[in-house]
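Hi there,

Here is the structure I promised to pass on.

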Amino acid sequence: MATDKKVDKAKKKKTRRKRRSKCYPTSAFAIEKSPFKDEPSNGLKINDCFKASYSHVLDQTSAVNVTGLGMLNNMLAVKVGIDIKSLLNEDLAKTMDLKHLASVLEKFLKQHKRLNVFKNIAFQQIDVVFPGLQCGENYPRKVVFHILFFILLHILPSELLGSKANFKLFMKSVRRIVYGCHGQCLSLSSVIHGLKVSHIQWLQKVVSSNSLRLHVLACLVKWLLLYVQVIICRLFHLAIHASNEILFYDKKKWLLLKQKEIQNLIANGKIAKTGDNISETTKFADIGRTQFRVKKHGLRPITVFRQPSDTASMLLRVNSKMLLHQLAYSNGAQNTTFSRNIDQMLHNSLLRTVKLYPDPVTRPPYYFVRADVKDAFGSINHYKMNSILQDLNKQFLSSDCKMTVWSVQRGRKVLDIYESKTMSVPTSSAVPLKKLGPPKTENIRNILLHIRNHVHRLATGFGKAVFRICHGIPQGMHLSAILCEIYYNSLDIKHFQPFRQTKEGEIFVRYCDDYLFLTPDKERAEEFLHKVSEGFPDFNVQFNKEKTLTNLTSDTSIVPFCGFLIDLETFSVQGCFDAYANLNIANTLSLSKTQKLGKSLLFRMKIILKLSPILVDRRINSKHNIIQNIYNSALFMAFRFCAFVNVCFPLKKINQTFILQCVKVGERTLRKRVLRIVAQSYPGKWISAKEIRWICYRAFIARMSKSGVWCNKVLRYLKNTCKAIEKEINVFQLKLLQKANTPPLPGAFSSMK
């Protein structure tokens, strides 16, 4: 009996180890133990829809001469982790019968030649299937999916996927492409998941090994999805929204929009056409490619430059950027790599104000002005920018361009920091700097020339045409952010210096192109608003009147600024989630890597967003506001978590033990961060670890209740844990916690997807 018990215990330990090992698979879900490798090169990239010229046998001009055997060779050449063609040729060449498969592919080729016919019929059916739908400039996703469904239903032979069930699962993968976002990548195993090999008769005849059948099926499905991407490229022009969502435009309408935007840029003097000869294009330091991103009020040009391949050019870029950051920091700029971030600056300013007026009753009424620069990067004047850089060079750099260079360790990075008589190594850096070894002397003339060329000698391409950038700094350049900071910092010194030298109880903060001024003096607030409304013609800067907000002309006490909501009556701060309203959170995630999805999800659960120390500071916020901020941060984590799971994992056969483990990791990370901030900011422990756990679990319950059946066991565990914690918490504290999380999905969370 004792030996039997030992054997049972050993078996139970083995089963536990197996269950635990499922939490960290190489592939997130193995299909019949098939050794697929979920590497980025083997997965399907949605960004390939934007490339109209990648190779596919049915998209080539010689597709008329392609035979069924040629299509078969092209299909088996698709990357799925192993070389299928070599395996088939070496081991199974004698036993395979490829005639049936070649005949099926020839049927597919014949139907593909009628693609234009099916396309016209599908577009004519839009008004019938979707009555009263107004497409406008771009097509809704449901219309795009209907068009692809109709085309594939008539082009794909029924024998190719074997059954209607397999075709439905294949169309689910097509739907994921249509409803995907920019930068997303579908893993190979998620595309194959659920397809039944036994339904495909030609696969049973061709290959005898079941594992190899799965690999051949993987080649086929990936090859077909690449063909779907070819159809999308032919039918639509794909544009990227500011929220990373993919929009499907009619090609002719998009061309008209693009030409109109280019004409506006030429008319405003921002770009000018160059000559077609080679000597004209060689004058430029760099030539980028401009892409248009869709925003609410039109198109925004984003210029992308290629990264240099040689190390010398890369080092020159890094050193130029670091020198500009040092010049900006020495000149008093607020947003540099050595400065404190916007959260810390705003936090310190509010703390000073609260200490000055601790009693809200005796606190004087405050006035605010929040302003936003109109087209911040495009408004930069090249000649003004050049004169500002020359003044900084004279003030902080030596005349012979020789500088003392220190190798400095900043965190994990090793950087070169420059030193002169008037510019020292930053000592009050947000991240401490550690000098490595003795200094050396270098001539920085090539760095200064690199900076000058990237202000004056830049060009961009629209298709085959090349245009010189005459005005403004392109937003996608490596120096654009720090050049913009230097430009607007010099504007602050010249025009906002009386407001930068704040009086008692005033706050002046600028983050990039966003300004905020708080003061109890109404006259100073009116003077600031007057300056903002007039603009500054000497810097070619105008402020956006639609985004300018003040309580001088309207009755409001809530100030939205850089993701925060500041209440001027109580000076409490809350996180702002209005930017995520009516938005699919999956579009905000970077899902390009499909390797080790389980570990990637666990790593993401250790990242806490929207919970800076200013939101949990007891000296500024009340208990109710702090609990609400913790709940909102946990709720945002739950939305990101569910979005990742919905995109990357099969919901029918998901490992709920692993899902619960991820939730616990997220709760533990959030709890430790809150307790650390509370201990630093306020003496005394006014919130316990159990209460934070209850808040976090309630947030996950609120989000997962919308998700469906795939997380029912996790929900049951979270609800039981919350009930057990409620018995241990004080009654008054429990009422405070319950009040802070009602309703379960407050504000913008009710419309998030």
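Below is what turned up, from the whole protein down to a single side chain.

This is a predicted model, in which local features need pLDDT of at least 70, side-chain atom pairs count only at pLDDT 80 or more, and totals for chains, interfaces and linings use all residues. Residues are numbered from 1 along each chain as its sequence is written, and side-chain values use heavy atoms, with hydrogens and water left out.

The protein has 27 helices and 20 strands (DSSP runs, numbered from the N terminus: H or I of at least four residues for helices, E of at least two for strands). Of its 753 residues, 49% are buried, meaning under 20% relative accessible area with a 1.4 Å probe, protein chains only.

The largest nonpolar core holds 91 residues; such a core is a set of buried Ala, Val, Leu, Ile, Met, Phe, Trp, Tyr and Cys residues joined through side-chain atoms within 4.5 Å. Helix H23 (residues 623-648) contributes most to this core, namely 17 residues. Phe-641, Phe-700 and Met-704 have the most contacts inside the core (contact: heavy atoms within 4.5 Å). Beyond its neighbours within four places in sequence, Phe-641 touches residues including Leu-601, Ile-659, Phe-700 and Met-704. A second, separate core of 60 residues includes Val-104 and Tyr-139.

Gln-656 counts as buried because its relative accessibility is 16%. Its side chain reaches the backbone nitrogen of Val-714 at 3.3 Å.

Best wishes

Technical notes
Buried < 20%, exposed > 50% of the residue type's maximum accessible area, 1.4 Å probe, protein only. Polar contact = N/O pair within 3.5 Å; in protein donor to acceptor, adjacent residues only side chain to side chain.
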